[in-house]
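Good morning. Please have the sequence and the model open, and I will take you through a few parts of them.

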Protein chains: 2
Amino acid sequence: MKIINGGVCAASGFLANGIHSGIRKNKSKKDLALIYSEKKATCAAVYTTNKVKGAPLTVTKNNISDGYAQAVICNSGNANTCNANGIEIATEMCNLLASELKIGASDVVVASTGVIGQPLDIEPIKNGIPALVKGLSENGSADAAEGIMTTDTRMKEIAVSFEIGGKECKIGGIAKGSGMIHPNMATMLVFITTDCNISAKMLNKALSTDIQSTFNMVSVDGDTSTNDMVTVLANGMAGNKEITEDGADFEIFMKALNTVTMNLCRKIAGDGEGATKLLECTVDGAVDEQNARIIAKSVICSSLVKSAMFGSDANWGRVLCAIGYSGAEVDVNRVFVSFVSKKGEISVCENGAGVDFSEEKAKEILLEDEITIKITLGDGEGKSTAWGCDLTYDYVKINGDYRT
Amino acid sequence: MKIINGGVCAASGFLANGIHSGIRKNKSKKDLALIYSEKKATCAAVYTTNKVKGAPLTVTKNNISDGYAQAVICNSGNANTCNANGIEIATEMCNLLASELKIGASDVVVASTGVIGQPLDIEPIKNGIPALVKGLSENGSADAAEGIMTTDTRMKEIAVSFEIGGKECKIGGIAKGSGMIHPNMATMLVFITTDCNISAKMLNKALSTDIQSTFNMVSVDGDTSTNDMVTVLANGMAGNKEITEDGADFEIFMKALNTVTMNLCRKIAGDGEGATKLLECTVDGAVDEQNARIIAKSVICSSLVKSAMFGSDANWGRVLCAIGYSGAEVDVNRVFVSFVSKKGEISVCENGAGVDFSEEKAKEILLEDEITIKITLGDGEGKSTAWGCDLTYDYVKINGDYRT
């Protein structure tokens, strides 16, 4: 398997585009994205667990209930959520696009991200769709990735190639993250495309299994958005024998999918609102995987841990504290903690108590922009990893007046 | 019932003091506090739910297992938690104090607050105890309240007087809060004293009932500390007939206790680390009280809601979002939200969707330093209130480098 260019257009038969349509006032910011498959594709999706769900999610869920889709349209700048006419607008987006692309309206995945509770005007979208479709290109991944950004500072895309039964397959994806990112599924939009030939049932299985250890382990601020969605479209154009059951081919596909999703998770976490650092928390030796996940999430979500990391302060007591209140089954007297970065590793807590360590060395390690908080327990074989970011002045600044 | 002066010394027979002993380097900051009852008192306490528990809590729990105590000693600057010799040091604090006061060591409540995982030196405490005891005074409440402060910016005390069976009774308390404040019980230390005559059993019942709707509904940053504790000492010196069962007298006591605890909750929340505003979230019309509490807590804990309040931004979509992911049973289409302050009330969401409102008026209301987020549901009779604060640049600053 190898990392390749092309993002969401890396796989055969996928085109994409992103434009400024006028939903946003700032003309330099793209606000409408499109991904299109030349061939109808099997489709799987997972959605936010928030009870307040964006209208686009409801429409998408209905559209792809047959397991197929051919295009994805997504706007930024407005979440089309908590509006009286939300369903109507989301449906209209699908109709307008389908008519322009000459595909079925029920083959459209629709998504929106941005402010909640302000009516979404269909006009700019209606006016923008012809140009959006006309500009579809094999090189359009970056444009689409830009079109779905909100407070993201960096465009997020990735692709890999791999082989199944002698055929070269590709999976690529784009994502947006930033605020409101939290297990399970936060204003995180992820669109993945592949030319691998895989049944809708197995595609669903692959996605719903994969997210447990990837997107559901990412937290920026503990807020779970109303509009999250991860979708995968598989158009089969790689020509491999269709994957219809568990086995070696499915394992290879899962591994490739995981490479893409893990990469996007790290990109989303590292570009959390206001973040200066990507934080990774690894837990090993927990009673079981479930308890490992609870602990990793609790540490990565702690405002005090996040603030300490911003200050490059080896305040490991806060890590212990977050383990203690996580609710997980854990022997707090057998906890080992160390901090790891490119500059090395430093042990700060052994058997639940502090150890003498060089503050200077700790500072050097924590000044890096990718930090791993490594927790080793003595309770069993459970492992997990969670991703997050530091809590900074800029998070507060960005969110203190987001609407204006 | 009326609010009176005197704090933790308002009730008959209670003396207090607070000094700088040298645990902290900054000589202008008191770091050791003492509360003393001239008569042995019944005692009740509740502790953090964190599995990592400070050594002082273990020692206190053991000391007051007989239902009695006569003194409280508390240091700030060091939490005496996650240290190999924590129990030993906490026990020594009790022994040294008991010897100086000539009371039993098992009648001492001991508490510590500050950084976790750095050994607590007994020397400054040992050297400070004689002066601490010598300075005990009826006017010592403020000194004690100062002695337990960490990043608190304001000393917190309150007292009330009330009548039971023709006898005047008093309850007073001091508290410290600031960071790591979260349900249930965060680095929140609360010491309450009363001269009311009440059995240990009923005192326990009063406290454990009261905290469900008071201290457990306060959140500053979602982190639950290792060292929280709320204790009540009742020395019976008011001379009322001992309260030994439910009834009118117990009701009066509960009401007085609630006035004290509610006041301290608001003071703790309003003085959260870096806070510029006290936030109150009231929920009405929930399925039941439990669901009302879940919703109120979810909203008050949302980093996005807290940031919006810091920016005086009426971003009610985030309130809806936090209701949606709370996990509570709720009909999201029957949610009403308004913002309330001294400047008035403004409705921003009705039946789960936005309504037109004056942004100017909303701004005027939200610029105040005490804001109520009022949520009205259509699901039942459940009510609850939670308290918190806004998320500010200063929270990040304070916690980015707390240890130095």
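Two residues are in contact when their C-beta atoms, placed from the backbone, lie within 7 Å.

Before going on, some housekeeping. This is a predicted model, in which local features need pLDDT of at least 70 and side-chain atom pairs count only at pLDDT 80 or more, while totals for chains, interfaces and linings use all residues. Residues are numbered from 1 along each chain as its sequence is written, and chains are lettered from A and ligands numbered from 1 in the order in which they are written.

Back to B:Thr214. You will find B:Thr214 in the loop between α5 (200–213) and β9 (229–234) of chain B. Those labels are DSSP runs numbered from the N terminus: helices are H or I of at least four residues, strands are E of at least two. Is B:Thr214 buried or exposed? A residue is buried if 20 or more other C-beta atoms lie within 10 Å of its own, exposed if 12 or fewer, and partly exposed in between. B:Thr214 has 23 C-beta neighbours inside 10 Å, so B:Thr214 counts as buried. From B:Lys29, B:Thr214 is 185 residues away in sequence and 29 Å away in space, C-alpha to C-alpha.

Next, helix packing in chain B. Axes here are lines fitted to C-alpha atoms, for helices over the stretch in contact, and angles run from 0 to 180 degrees between N-to-C directions. Helix α1 (residues 55–63) of chain B and helix α2 (residues 86–101) of chain B have axes that come within 8 Å and cross at roughly 50°. α1(B) and α2(B) are therefore oblique to each other; under 35 degrees counts as roughly parallel, over 145 as roughly antiparallel, 65 to 115 as roughly perpendicular, and the rest as oblique.

On the α1(B) side the contact is made by B:Ala55, B:Pro56, B:Thr58, B:Val59 and B:Asn63, and the α2(B) side includes B:Ile87, B:Ile89 and B:Ala90. By class, this contact of α1(B) with α2(B) has 7 nonpolar, 4 polar and no charged residues. For the classes, Ala, Val, Leu, Ile, Met, Phe, Trp, Tyr, Cys and Pro are nonpolar, Asp, Glu, Lys and Arg are charged, and the others, Gly among them, are polar.

α2(B) also packs with helix α3 (residues 123–134) of chain B, at an angle of about 35° and with the axes 10 Å apart. That crossing of α2(B) and α3(B) is right-handed. B:Met93, B:Leu96, B:Leu97, B:Glu100 and B:Leu101 of α2(B) meet B:Ile125, B:Lys126, B:Ile129, B:Pro130 and B:Val133 of α3(B). The contact of α2(B) with α3(B) has 8 nonpolar, no polar and 2 charged residues.

Phi of B:Lys102 is near 60°, a positive value in a residue other than glycine. B:Lys102 is exposed, with 7 other C-beta atoms within 10 Å. In chain A, A:Cys82 has a positive phi of about 60° and is not a glycine either, but A:Cys82 is buried, with 28 other C-beta atoms within 10 Å.

Last, the two chains together. Chain B superposes on chain A by a rotation of 180° with 0.0 Å of shift along the axis, RMSD 0.0 Å. That is the relation of a two-fold axis. Of the residues of chain B, B:Tyr393 comes closest to the rotation axis, at 2.4 Å (C-alpha).

The contact between the chains takes 51 residues from chain B and 51 residues from chain A. α9(B) gives the largest share of the chain B side, 6 residues. By class, the chain B side has 23 nonpolar, 22 polar and 6 charged residues. 100% of the interface residues of chain B are also interface residues in chain A, so the copies meet through the same surface.

Note on methods
Copies are superposed by least squares on the C-alpha atoms of residues with pLDDT of at least 70 in both. A crossing is left-handed if the near helix is turned anticlockwise from the far one by less than a right angle, and right-handed if clockwise.
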